[in-house]
Amino acid sequence: MKLRESLLGGSAAMPGASLQRACRLLVAVCALHLGVTLVYYLAGRDLSRLPQLVGVSTSLQGGSNGAAAIGQPSGELRPPGAPPPLPRGAPSVPRPGRVSRPDADSRPGPGPARNLTLASVSPSTALSLPACPEESPLLVGPMLIEFNVAVDLKRVAEENPEVKVGGRHTPKDCVSPHKVAIIIPFRNRQEHLKYWLYYLHPILQRQQLDYGIYVINQAGESTFNRAKLLNVGFQEALKDYDYNCFVFSDVDLIPMNDHNAYRCFSQPRHISVAMDKFGFSLPYVQYFGGVSALSKQQFLTINGFPNNYWGWGGEDDDIFNRLAFKGMSISRPNAVVGKCRMIRHSRDKKNEPNPQRFDRIAHTKETMLSDGLNTLAYQVLDVQRYPLYTKITVDIGTPS
Amino acid sequence: FLGTAKMMSFIPLLLVGILFPAIQAKQFTKCELSQVLKPMDGYKGTTLPEWICTIFHISGYDTQTILNNNGRTEYGLFQINNKIWCSDNQILQSRNICDISCDKFLDDDLTDDMMCAKKILDNKGIDYW
């Protein structure tokens, strides 16, 4: 009280004294509000990553090539050793760098020219390599995924020198049991594909996978058929190499944590379990869309995927049904490891929601015997081996 | 305070600013939808979780969903069609049982959608979906 009176310049009641008291009260309330907000803010933070946050800041200031302008919208810092920042400046026209094959004129049939294992280690070295560890020591955990800077595929190829033509990679220090073909159904989504390649190649290499990337491009303008393209990818990839595992990924889905393994498990694997689009959780328990992985045996057991789902929706539910009818269950990572980002985009033309999908998925049990790998018919129009992926353009026909 | 002329000009602007977002089309979240659809819970035996699940699959919680299906067009969260339930320019002899213009199902006010969904349940039942 004494202090206050001396501040007020004596015991006289000045005009505005009550105003001053009111102001002090206001300041006190504001301070209390700020304090409470701070408490809630801190309570919501993931403090276990504090050391990582502190450790990264110094390396970013040090040797980075000046592109420190990348913001942190997701609140996660990029750990050291992660892929370098996206290039700034004018987005360059994508030049995938088409590779002309040595025997150029007509497309060779399924034979030596399509065997991509030729570009690999010499036999003596291959025999002396140890098996790759169960969990790769190269993984970094959560990553920052953004889609606001343009991607230059030439730079991506330079930054991933161990990826061979056609998007093939084999770990050089160990032998991986996971021979994975990654199949991407595609039409007119080059921008998304660039982001996919930019983010996934480093991740797949860190996971020490023996992998190849197959972009299956639907030719023509008729309704999109995702599942049929995936069937084509399965068959065509096997002409290159004896893959034992198939990851089926939409082109616009990027994992946010490299502990989310892009390979096969003893049960069919659902990889995109926590998409940002669905609030980082499963939209429903039987959801099997986005990114999934089936071993060759699991895929053959269900007669592959349905060929008759034209338009958006339902084919992933049909696949779920097939697996269930064959006594298989879905294996998933937890929702933290399984976080994925989807590149926002408007609905594609010629891929409208398929109104038949609800009826169709009610009859999977009958149709799976007569609709699948055993009835797959298509025509390959073109095969291109780009540095970072193989693109197979196919005519898969039209809805009958 | 409110009497000054300067303040007066702000009020209408403020009101418009508040109201304008209130009448946009909307992408509901599961939680928001659960709140809004409470009146539908248990109607003709269909529970709220069943509604949420159905709506997710037919419209993905997007009030602006509009789809063509076999010569008729389906509108909004509940995908109500213009052949029997509402009227639009495509089908002129619609029975229009809900007595409403179909595009009213594309806004974020779900009272009319729910009214019509209830009528569908009364007349046809859950098999509509």
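Colleague: In the hairpin of S1(B) and S2(B), which residue takes a positive phi?
Modeller: This is a predicted model. Strands S1(B) and S2(B) run antiparallel and are joined by four bridges. Two residues lie between the strands of this hairpin. The residue with a positive phi, near 55°, is B:Asn70.

Colleague: What is the bridge partner of B:Asn69 in S2(B)?
Modeller: S2 of chain B covers residues 72-75. B:Asn69 belongs to S1(B), residues 66-69. Its bridge partner in S2(B) is B:Arg72.

Colleague: Turn to chain A. Which strands stand at the edges of the open sheet?
Modeller: Seven strands make up the sheet, with mixed pairing. Their order is S5-S7-S3-S1-S2-S10-S9. An edge strand has a single partner, so one side of it is left without a neighbour in the sheet. The edge strands are S5 (269-270) and S9 (379-385) of chain A.

Colleague: In what sense do strands S1 and S2 of chain A pair, parallel or antiparallel?
Modeller: S1(A) spans residues 179-186 and S2(A) residues 210-218. A:Lys179 stands opposite A:Asp210 in S2(A). Eight bridges join the two strands, and the sense is parallel.

Colleague: At what angle to S1(A) does helix H7 of chain A run?
Modeller: H7 covers residues 226-237. This helix lies across S1, S2, S3 (245-249), S9 and S10 (390-395) of chain A. Its angle to S1(A) is about 145°.

Colleague: Is A:Val36 buried, partly exposed or exposed?
Modeller: A:Val36 is found in helix H2, residues 17-44 of chain A. With A:Leu32 and A:Tyr40, A:Val36 forms a nonpolar surface patch of about 360 Å² accessible area together. Buried means under 20% relative accessible area and exposed over 50%. The value for A:Val36 is 40%, so A:Val36 is partly exposed.

Colleague: What share of the contacts in chain A with a separation of 6 or more comes from residues 24 or more positions apart?
Modeller: Chain A has eleven helices and ten strands. Of its 400 residues, 46% count as buried. Residues 24 or more positions apart account for a share of those contacts of 82%.

Note on methods
Residues numbered from 1 in each chain as written. Chains lettered and ligands numbered in written order. Predicted model: local features only at pLDDT ≥ 70, side-chain atom pairs only at ≥ 80, totals over all residues. Heavy atoms only, no water. Patch = residues over 30% accessible without salt bridge, like charges linked within 9 Å, V, L, I, M, F, W, Y side chains within 5 Å. Areas by Shrake-Rupley, 256 points an atom, 1.4 Å probe, with all protein chains shown as cover. Salt bridge = Lys/Arg side-chain N within 4 Å of Asp/Glu carboxyl O. Buried < 20%, exposed > 50% of the residue type's maximum accessible area, 1.4 Å probe, protein only. Pairing = 2+ DSSP bridges. Contact = heavy atoms within 4.5 Å. Axes fitted to C-alpha atoms, helices over the stretch in contact; angles between N-to-C directions.
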